[in-house]
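Keep the 3D view open as you read.

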Amino acid sequence: MSESTGISRRGFIAGTGSMLTLAALGSRPVAAAVIADGARVAALVVGTGYGGSVAALRLAQAGVDVHMIEMGMAWDTPGSDGKIFCNTLQPDNRSYWLRTRTKAPLNYFLGFPIDRDIPRYTGVLDAEEFAGIIVYQGRGVGGGSLVNGGMAVTPKRENFAAILPTVDPDEMYGVYYPRANAGLGVGLVDPAWFETTDCYQYARVGRKQAQRSGFPWTFVPDVYDWDYMKQEAAGTVPKSALAGEILYGNNYGKKSLQKTYLAQAKATGRVTVSPLHKVTSVTPASGGGYTVVMDQLNTTGDTIATKSVTADRVFFAAGSVGTSKLLVKLKATGALPALNGEVGKGWGDNGNVMCGRANYLWDPTGKLQSSIPCSGIDNWTAGGAFAEVAPLPTGIETYASFYLSITRNPNRGQFTWNPATSGVDLNWQTAWKQPSIDMAKTIFDKINAREGTIYRTDLFGVYKIWGDHLTYHPLGGAVLGKATDNYGRLSGYPGLYVIDGSLIPGNTSVNPFVTITALAERNIEKIIATDL
Ligand code: FAE
């Protein structure tokens with residue numbers, strides 16, 4: 001137990017009367033010691049996604065006590081069905097963050113809306129709505145790693161200068177990308193198994209059609225345990241990828257951060273996590289360090305306590321949207337007035353756009369589809385698009401090919417404080433997706449022409465081809481070398497750092513979490529060497 005929590009389980013039980021407390025808890029063990037009001041901590045990490053998990057592990061290994069604050073749940077306890085997470089096809093209260101109706105990214109099927117009512121709960125997927133875009137994000141200990149597809153892609157080196165122009169590619173490709181890939185447990189599908197398994201028929205159809213149109217097709221690495229997936233296919237273990245689990249959590253085979261960086265961090269004995277705590281303010285403390293204010297939430301999202309702690313150092317790792325919103329608010333409301341004018345700027349959607357294509361009856365994509373994508377079409381150089389061949393794990397034959405394209409969309413949004421609502425707005429407009437649609441069309445118009453096929457119009461509405469209303473990949477808002485120095489130190493405030501996807505200026509050319517992890521590895525190494 002870290003001293004920095006200010007409370008230990010034994011002390012808590014002794015201090016409140018052990019019999020009474022155990023009776024009230026129904027004899028269940030106390031899951032974790034949450035942070036106490038008035039605590040003093042050496043390092044406080046806001047958020048438990050990729051950036052936060054890297055920071056916590058490396059700081060702890062360097063001998064620093066770390067407390068991680070996470071607004072979502074711990075996701076370590078099974079529900080009444082014996083599972084921690086609910087299935088994509090049967091969303092229940094565990095699916096969405098504080099919604100009374102689901103908000104599925106593919107919200108129509110065969111032209112009919114598929115969203116349904118659910119009880120309001122601190123579920124695992126947040127569909128955060130801004131005026132022109134819905135930003136999907138993971139909520140809980142593990143951040144986006146709980147809900148994502150696990151596609152773990154290192155960008156091509158030739159594209160890196162456009163991704164992070166102020167970072168030395170030699171050190172990234174020589175040291176930090178390899179370190180991130182190892183820490184995340186990245187692996188590749190067995191190519192021989194891929195050729196024969198039913199669950200990747202959809203990917204083989206995607207490959208055949210891409211290659212017939214002359215597009216480079218490539219395997220994409222993932223953090224899923226590929227041996228486990230083989231056992232799922234053989235029917236010897238409980239299924240998750242082959243049970244269609246995606247978006248609302250994965251119960252078995254995916255190596256989320258809880259199984260990798262966070263497990264290692266907790267094993268140091270120096271890292272404590274407070275779930276269901278949401279940071280609302282950070283401001284310089286009179287005696288040095290920073291006063292961090294947070295709301296403790298219950299599972300319907302009500303505030304049940306407000307706590308104020310002091311931290312010597314604060315690492316903002318609340319994700320691109322979470323960190324940007326916090327910093328914009330703290331600058332505008334006078335908590336951190338010296339933050340520079342770059343805070344909130346340079347936000348991008350990683351060029352995300354989705355579409356489906358209708359295949360002929362003689363080209364089925366399979367009723368069993370692994371929810372973990374393993375391949376993509378790389379037309380980045382010629383047409384500005386990298387398209388995941390994505391599953392439609394509905395359990396029935398759809399004769400559809402489905403794609404999430406990552407495109408070189410140049411548009412960038414900005415977060416601003418809105419005094420009228422006491423909230424943070426994002427000025428992204430839906431029309432700004434048009435360059436992404438144009439780039440995706442460089443692939444799919446050609447495939448459709450070659451195959452004699454058409455776009456699906458029933459997945460995102462009635463007669464709507466493009467899923468242009470959303471992103472899974474928010475990036476930017478506290479850009480490296482602009483809002484911060486070249487290692488994430490916030491200007492004007494020694495001891496405050498940004499260490500998540502908000503550092504990356506809007507696009508990574510591929511799925512982003514390996515780059516977020518590698519950049520965090522680079523920055524924390526420098527910070528530990530020079531600031532501690
Ligand atoms: P992130 O993982 O979002 O973690 C931030 C954490 O901070 C979250 O747990 C928040 O709940 C928490 N938080 C926010 N505000 C506060 C606050 N005020 N107080 C306390 N806690 C707070 O940030 N990327 C890939 O590379 N491959 C994929 O296959 C892929 N698939 C995806 C599929 C879906 C459906 C989604 C939503 C995302 C996907 N992503 C994928 C994106 C990836 O998960 C995302 O880029 C990273 O999770 C971002 O990492 P960060 O560390 O920036």
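Predicted model: local features only at pLDDT ≥ 70, side-chain atom pairs only at ≥ 80, totals over all residues.

Residues are numbered from 1 along each chain as its sequence is written, and side-chain values use heavy atoms, leaving out hydrogens and water.

Begin with the ligand. Around it are 37 residues, and Glu-70, Gly-144, Met-151, Gly-501 and Phe-513 come nearest (a residue is near if one of its heavy atoms lies within 4 Å). By class, this shell holds 16 nonpolar, 17 polar and 4 charged residues; Asp, Glu, Lys and Arg count as charged, Ala, Val, Leu, Ile, Met, Phe, Trp, Tyr, Cys and Pro as nonpolar, and the others, Gly among them, as polar.

Now look at individual atoms. Glu-70 has a polar side-chain atom 2.7 Å from an oxygen atom of the ligand, while a polar backbone atom of Met-151 lies 2.7 Å from a ligand nitrogen atom. The protein covers 95% of the 1,000 Å² of accessible area that the ligand has on its own (Shrake-Rupley method, 1.4 Å probe).

Finally, find helix 13 (513–531), which supplies at least two residues of the shell. Helix 5 (residues 169–184) packs against helix 13 at an angle of about 115 degrees, their axes 8 Å apart. The two helices are therefore roughly perpendicular (65 to 115 degrees). Helices here are DSSP runs of H or I with at least four residues, and axes are lines fitted to C-alpha atoms over the stretch in contact, with angles running from 0 to 180 degrees between N-to-C directions.

Conventions. Polar contact = N/O pair within 3.5 Å; in protein donor to acceptor, adjacent residues only side chain to side chain. Parallel < 35°, antiparallel > 145°, perpendicular 65-115°, else oblique.
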